[in-house]
Amino acid sequence: MKVETGLFLVLFLFFVPVMVFYGIMTDWTEWVGILALGLCAGLGLMVGFYLYSTAKRVGDRPEDRVDGEIHENAGVIGKFAPWSWWPLVLGTAAAIGFLGIAVGFWVTYIGAGLCVIALVGWVYEYSRGDHAH
C-alpha cells in the first residue's frame, strides 16, 4: 500500500498550495473554490492516513514487493453479500437526503432516518434471516 499512500499524500501536498494560490489570486473573497480545494486536500490526507495505518497493520502485500507472485493473492479476499438489497436502499436514502438540501430541509431528516435504517440492515444482514450465523 506504499504506492497508494504516496499517491494520496501527494494529492494533499498538491491541493494545499493550490488552495493558497487560489486564495491569493481571488483576494480571499471567493470562498467556494477555497473550500473545495481545502476539502480535496483533506480527502487526500484522510485516505492517505488510512492507507498508511492499514499498511502498518497488514504489512507488505505481494504487489508491494518486487519478488511478489500472482498466486500469492489467490483465495478469498473478503466476505461480500452478493444478493444484498441494502446498498440500493442506502443509495436511495442518501439521494433523498441530498434532495432535501435542495428542496426543503425537512426532507433531509427523512433521508437521514432511512440512512440509519439501511446501515443497520446492511451491517446486521448476516445476523438474521437466511444467512444468520
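Me: Where does Trp28 lie?
Reply: Trp28 is in the loop between α1 and α2. Residue numbers start from 1 along each chain as its sequence is written. The model is predicted, so local features need pLDDT of at least 70, side-chain atom pairs count only at pLDDT 80 or more, and totals for chains, interfaces and linings use all residues, while side-chain values use heavy atoms, with hydrogens and water left out.

Me: What is the phi of Trp28?
Reply: Phi of Trp28 is near 55°, which is a positive value in a residue other than glycine.

Me: Stepping back, how many helices and strands does the protein have?
Reply: The protein has four helices and zero strands. From the N terminus on, the elements run α-α-α-α. Helices (H or I, at least four residues) and strands (E, at least two) are DSSP runs, numbered from the N terminus.

Me: Why is the protein described as more spread out than a compact globule?
Reply: The radius of gyration of the protein is 21 Å, well over the 14 Å that the globule rule gives for 133 residues, so the protein is more spread out than a compact globule. The radius is taken over C-alpha atoms, and the rule is 2.2 Å times the number of residues to the power 0.38.

Me: What does the C-alpha trace span along its principal axes?
Reply: The C-alpha trace of the protein spans about 60 × 55 × 20 Å along those axes.

Me: Which domains is it divided into?
Reply: The protein is divided into domain 1 (1–64) and domain 2 (83–122); the bounds come from an automatic or database domain assignment. The centres of domain 1 and domain 2, taken over C-alpha atoms, are separated by 28 Å.

Me: What share of the residues is buried?
Reply: Buried residues make up 21% of the 133 residues in the protein.

Me: Now Asp64: which residues is it in contact with?
Reply: Leaving aside neighbours within four places in sequence, Asp64 is in contact with Met1, Lys2 and Glu4. Contact means heavy atoms within 4.5 Å. The C-alpha atoms of Asp64 and Glu4 are separated by 10.0 Å, and the two residues are 60 residues apart along the chain.

Me: Where is the place of Asp64?
Reply: Asp64 is in the loop between α2 and α3 (86–103). At 23% relative accessibility, Asp64 counts as partly exposed.

Me: Last topic, Arg128. What does it touch?
Reply: Not counting residues up to four places away in sequence, Arg128 touches Trp86 and Gly121. The place of Arg128 is in the segment after α4 (105–123). Arg128 is partly exposed, with a relative accessible area of 46%.

Me: How far apart are Arg128 and Glu72?
Reply: Arg128 and Glu72 are 34 Å apart in space, C-alpha to C-alpha, and 56 residues apart in sequence.

Key:
Buried < 20%, exposed > 50% of the residue type's maximum accessible area, 1.4 Å probe, protein only.
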